[in-house]
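The following note is meant for a colleague who is meeting this structure for the first time. Please read the points below alongside the sequence and the model.

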Amino acid sequence: IGGTFELTARCNFDCPMCYVHLKQEDIDARGKELTAQQWIDIAQEARDAGMVFALLTGGEPFVRKDFFEIYNAMKAMGLLISINTNGSMLEGDRLQKLLDNPPFRINVSLYGGCNKTYRDMCGQDAFERVVRNIRALKEAGVEVRLNLSITPYNRQDLTKIYEIARELGIQVKANAY
C-alpha cells in the first residue's frame with residue numbers, strides 16, 4: 001500500500017554519511033535520471049495496483065526542476081504523499097506551492113543544532129534557514145516530522161535538536177549511522 005520514489009540521487013548538501021548526494025556532473029557521467037513522465041507512469045501503475053501512500057525522496061527531491069510536475073500529478077491521483085527533504089530549499093515559490101497543495105507530511109532532516117554543525121557535516125551554514133522553513137510549514141498547518149541522523153559529526157547537538165523538536169511540537173524519528 002506504500003511506495004518510495006527516490007526521484008534523484010542529487011543533493012545540495014554533501015554529508016559524509018550519506019550515499020545519496022551526487023552532483024549533476026556525477027549524474028551525467030552515470031546516466032540520466034528518470035523523466036517526470038516516467039515517474040508519473042510508475043506512480044499510476046503502483047496506484048492502480050493498490051498503492052495509497054507515496055514517499056518522495058532523494059537525494060534532495062527539490063533539486064529537480066520538475067518536482068512539482070511529479071508531485072501535482074501524484075496528488076491528483078489521490079495519493080497520500082510524504083516528502084523527505086533537508087528543508088533548505090523550502091522557501092519562496094516552492095514553499096507557497098506546498099502550502100497551496102499540502103502533502104500528507106513533510107519529513108525534514110535536521111542535521112544539527114547550529115550553523116557550525118551544519119557547515120562541518122553538510123558543507124553549508126543552513127541551520128537557521130532550515131529551522132525558519134520548518135517554522136513556516138508548522139505555522140501554515142503542514143504536518144512536519146523531523147528525521148534525525150545520529151552520526152559522529154552531530155552527536156554533540158542531539159540535546160539541542162530534541163529541544164527544538166519539543167519547542168515546535170514535532171515528532172523525531174532517529175536513525176544511527
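In what order do the 6 strands of the open sheet lie, and is their pairing parallel or antiparallel?

1. The sheet. The order is S1-S2-S3-S4-S5-S6, and the pairing is parallel. Strands are DSSP runs (E, at least two residues), as are helices (H or I, at least four), and both are numbered from the N terminus; two strands pair if DSSP finds at least two bridges between them. At the edges lie strand S1 (2-6) and strand S6 (171-176), each of which pairs on one side only. From one strand to the next, the twist averages 20°, with axes taken as lines fitted to C-alpha atoms and angles running from 0 to 180 degrees between N-to-C directions.

2. Basis of the description. This is a predicted model, in which local features need pLDDT of at least 70 and side-chain atom pairs count only at pLDDT 80 or more, whereas totals for chains, interfaces and linings use all residues. Residues are numbered from 1 along each chain as its sequence is written, and side-chain values use heavy atoms, with hydrogens and water left out.

3. Strand S4 (residues 105-109) pairs with strand S5 (residues 144-150) in the parallel sense over 4 bridges. Asn107 has Arg145 in S5 as its bridge partner.

4. Aromatic pairs. Rings of Phe, Tyr and Trp (its six-membered ring) pair if their centres lie within 6.5 Å; planes under 30 degrees apart count as stacked, over 60 as edge-to-face and the rest as tilted. By this rule there are 11 aromatic pairs. Phe13 and Tyr111 form an edge-to-face pair, because their ring centres are 6.2 Å apart and their planes stand at 65°. Phe13 lies in the loop between S1 and helix H1 (24-30) and Tyr111 in the loop between S4 and helix H5 (115-122), so the pair ties together parts that are 98 residues apart in sequence.

5. Buried means under 20% relative accessible area, exposed over 50%, and partly exposed in between (1.4 Å probe, protein chains only). Phe13 is buried at 1%, and Tyr111 is buried at 11%. Phe62 is buried at 2%, as is Phe67 at 1%.

6. The cluster. Phe13 and Tyr111 also belong to one aromatic cluster with Tyr118 and Phe127.
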